[in-house]
Each structure stands twice: as structure tokens, then as C-alpha cells.
Amino acid sequence: MKNLFLLIVTILLSKSLFAQEFEFFEPKATIGGYGELHYNNEKIGSSPSKSIWDFHRFVLFFGYSWSEKWSFKSEVELEHNFVKNGQGELELEQAYVNYHHSDLLGFNVGIILPSIGLINEFHEPPLFFGTERPVYHNLIIPTTWFGSGASIYGNYNGFDYRLTLFETLNSDKFSLSQGIRPGRMKGYKTDASRFLYSVKLDYLNFPGLKVGGSLSFNNAKGDSTNIDVTISEVHAKYDANNIIAVFEFGNINYNSGELKASRGYYFDLGYNVASIFNLSTKIIPFIRYSDINTAAETLSGGDNEKLYHFTEWMIGLNIKPFEQVVFKIDYSEQTRKLDDRKSKFINFGVGYMF
């Protein structure tokens with residue numbers, strides 16, 4: 001009888017606490033977003049140079065919190081300012097229900113971003129160097145990578161973790177020139193018979209430093225191919241004492257087909273020179289070195305492994321009057337390994353987030 005009483009009290013108390021969570025919380029909606037306008041000038045080998053203006057991304061966030069623990073978050077993106085006849089894109093990049101039980105444990109489910117690499121989850125223009133996102137995050141880790149899935153996340157003793165169950169890739173669309181990038185399904189009627197499994201771990205206990213990595217596996221399938229894909233990457237970012245340094249290395253292995261491995265890395269180093277003069281505006285010159293090869297290992301070998309292998313040097317400047325707005329300019333040279341062909345790029349632009 002005593003145990004029965006205690007059970008009833010426990011149930012009633014639990015119900016009361018659950019009700020209190022909603023009773024004492026004022027539901028609220030939040031709006032945010034980011035965008036970026038670019039000028040791009042490129043000269044590839046001996047071809048004439050070309051230059052364009054491009055409002056590359058216009059993004060709106062909308063969120064709603066029912067309680068301190070239950071919320072909804074979304075992100076809608078318009079790319080290239082125009083959608084018609086295959087030009088430009090309108091995408092639902094995030095739309096998920098989130099439950100944050102505590103710092104130790106939470107989960108979300110819906111259209112999500114897998115935690116692979118530094119930029120896929122945090123890709124607002126003021127958060128990275130260069131007018132365009134690093135080419136590593138285009139060809140090795142295909143940012144922005146979004147789709148249907150669910151994840152469990154949390155933080156324990158300075159370690160951030162996330163376990164993700166994510167939609168499959170389409171192996172028919174893998175290519176020597178772009179690796180897994182064309183195989184993203186973007187949440188559109190994805191094959192639900194298989195998943196991408198991913199685990200990420202970051203260490204955050206050293207001030208200003210984030211260091212970690214992720215490991216992902218997918219038995220990718222298309223109409224005519226079935227390829228096991230293993231994605232591994234390590235990353236580190238230091239942002240303190242007016243120094244910003246970024247490093248990331250990624251490797252993708254394929255168990256069948258012509259393509260056997262994609263591989264690349266990049267390194268950024270910048271310093272806020274305005275700190276010398278005690279200016280509030282941040283003025284950050286930076287350098288970048290990249291080495292990218294989407295066909296690092298192939299079945300046939302030979303020139304196939306050199307055609308898409310290039311190195312890149314970049315110098316640039318980020319100016320941030322405050323943290324949410326950035327003006328950027330950069331110059332870069334890429335060298336293709338097969339024939340030493342050089343390509344030159346000049347970019348500048350403005351970006352914002354709120």
C-alpha cells in the first residue's frame with residue numbers, strides 16, 4: 001500500500017512539474033538570418049577572365065519555443081537571387097523539432113545538418129575567412145549538406161558529442177570531379193531503406209580552442225550502383241587573443257567503382273591588427289593554403305589522379321565593424337597538378353547575420 005501511494009505521488013508530482021514547465025514559460029517566436037553579396041573575377045588558364053555580381057545567399061531563420069525544452073527551428077534559403085529554368089535554388093535547409101533536456105542530453109528530428117566539418121553547421125559569412133566558402137567545404141565536405149534525419153547531442157565535462165542518423169547518398173551521382181557532392185539528396189523523397197550513420201566529438205575545455213573530428217558511414221545506393229562510403233575528418237579552430245587559426249583534413253573512401261578516395265585539407269591563419277591600435281572594428285588579414293583532390297585514388301590510376309588535384313594559396317582581408325557584419329576581399333591562385341595550369345581569382349563582398 002505504501003509503495004502504491006508513493007507511485008501515485010510520483011506520477012502526480014511528475015505531471016505537476018511537466019505542467020509547470022509550460023505554465024511558467026512564455027512561448028515566443030524568433031527570427032534571424034544571413035546573406036552575402038559577392039563580386040567574383042576568375043581567369044582559368046589561358047581563357048579570358050570573367051567577372052560577375054552575385055547575391056549568393058539570402059537566408060531567413062524562423063524558430064518557435066513552446067517551453068524551455070521544446071522548440072522548432074527552420075532555415076529557408078534563396079540562392080543567386082532568382083529561381084527559374086534551373087537557375088538559382090530555393091531550399092528548406094533546416095526544419096526540425098528540438099528537445100533540450102539538459103546540457104548533457106538533447107535530440108532533434110526533421111530536416112537537419114549532419115555534424116561533419118567545421119562549417120556545415122555554422123556557415124554564416126562573418127564566421128569564416130574568404131568571400132566564398134573554402135573550396136574544401138565545397139568539394140570534400142559538401143557544405144551546406146542538409147536532409148532528413150535525427151540526432152542526439154550533448155556536452156559532458158568539456159566534450160561535445162552528437163550521434164546522427166541521416167538520409168542516404170545517391171551513389172549513381174558520385175563523380176571524379178566533385179566526389180560525393182552530387183550525391184546529396186537534400187531531403188527530396190529520399191530512399192528510406194538505408195541511412196548514413198555519423199558520430200562527432202569535439203573538445204572545448206581550452207579557452208578559444210575547438211578540436212575534434214567525425215566519422216560517418218553510408219551504404220550508398222543508386223539505380224545502378226551500390227557503394228560503401230566512409231567519411232572521416234579532423235578539425236581544429238583557435239579564436240582568441242586576436243588570433244584566428246583553422247585547420248581541417250578530410251578523407252572519403254569508396255569500396256567499389258572507379259573512384260576509390262577523395263582527400264583534402266586547408267589551413268587558415270589571421271590576426272586582428274586593429275587590436276594594436278585599440279580599435280573596435282576588427283581588421284583581419286589572413287592567409288590560406290589548400291590541397292584538394294576529389295580523385296586522390298582511382299581504379300585506373302594515372303592522370304585520373306592528377307586531373308582534379310590542385311593546390312591553392314589565398315591572401316585576404318576581413319573587416320568587421322561589429323561581429324554580425326563583414327566586408328571581405330581576397331586574391332587566390334590555384335595550380336592543377338596534371339599540367340601546372342594556373343587559375344586566378346579576385347573576390348570581394350559583404351555579408352551579415354542577425
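## Strands side by side

Let's start with strands β6 (residues 147-156) and β7 (residues 159-167), which run antiparallel and are joined by 8 bridges. Strands here are DSSP runs of E with at least two residues, helices are runs of H or I with at least four, and both are numbered from the N terminus. Two strands count as paired if DSSP finds at least two bridges between them. Along this pairing, Ala-150 faces Leu-165 of β7. The hairpin of β6 and β7 has 2 residues between the strands, and Asn-157 takes a positive phi near 55 degrees there.

On to the next pairing: β7 also pairs with strand β8 (residues 195-203), in the antiparallel sense and over 9 bridges. Here Leu-163 stands opposite Val-199 of β8.

## About the model

This model is predicted, so local features need pLDDT of at least 70 and side-chain atom pairs count only at pLDDT 80 or more, while totals for chains, interfaces and linings use all residues. Residues are numbered from 1 along each chain as its sequence is written, and side-chain values use heavy atoms, leaving out hydrogens and water.

## The nonpolar core

A nonpolar core is a set of buried Ala, Val, Leu, Ile, Met, Phe, Trp, Tyr and Cys residues joined through side-chain atoms within 4.5 Å. Buried means under 20% relative accessible area, exposed means over 50%, and partly exposed lies in between (1.4 Å probe, protein chains only). The largest core has 34 residues, and those touching the most other members are Trp-145, Phe-174, Ile-180, Val-229, Ile-231 and Tyr-254. Among the elements that give two or more residues to this core are α2 (136-139), β10 (226-240) and β11 (243-254).

Take a look at Val-229: leaving aside neighbours within four places in sequence, its contacts include Phe-174, Ile-180, Ile-252 and Tyr-254. Contact means heavy atoms within 4.5 Å.

## Aromatic rings

The structure holds 17 aromatic pairs. Rings of Phe, Tyr and Trp (its six-membered ring) pair if their centres lie within 6.5 Å; planes under 30 degrees apart count as stacked, over 60 as edge-to-face and the rest as tilted. One of the pairs is Tyr-64 with Trp-66, edge-to-face at 6.0 Å centre to centre with 70 degrees between the planes. Tyr-64 is partly exposed at 29% relative accessibility, and Trp-66 is partly exposed at 37%.

Tyr-136 and Tyr-266 form a tilted pair, 5.3 Å centre to centre with 45 degrees between the planes. Tyr-136 belongs to helix α2 and Tyr-266 to strand β12, so this pair ties together parts that are 130 residues apart in sequence. Tyr-136 is buried at 0%, and Tyr-266 is buried at 2%.
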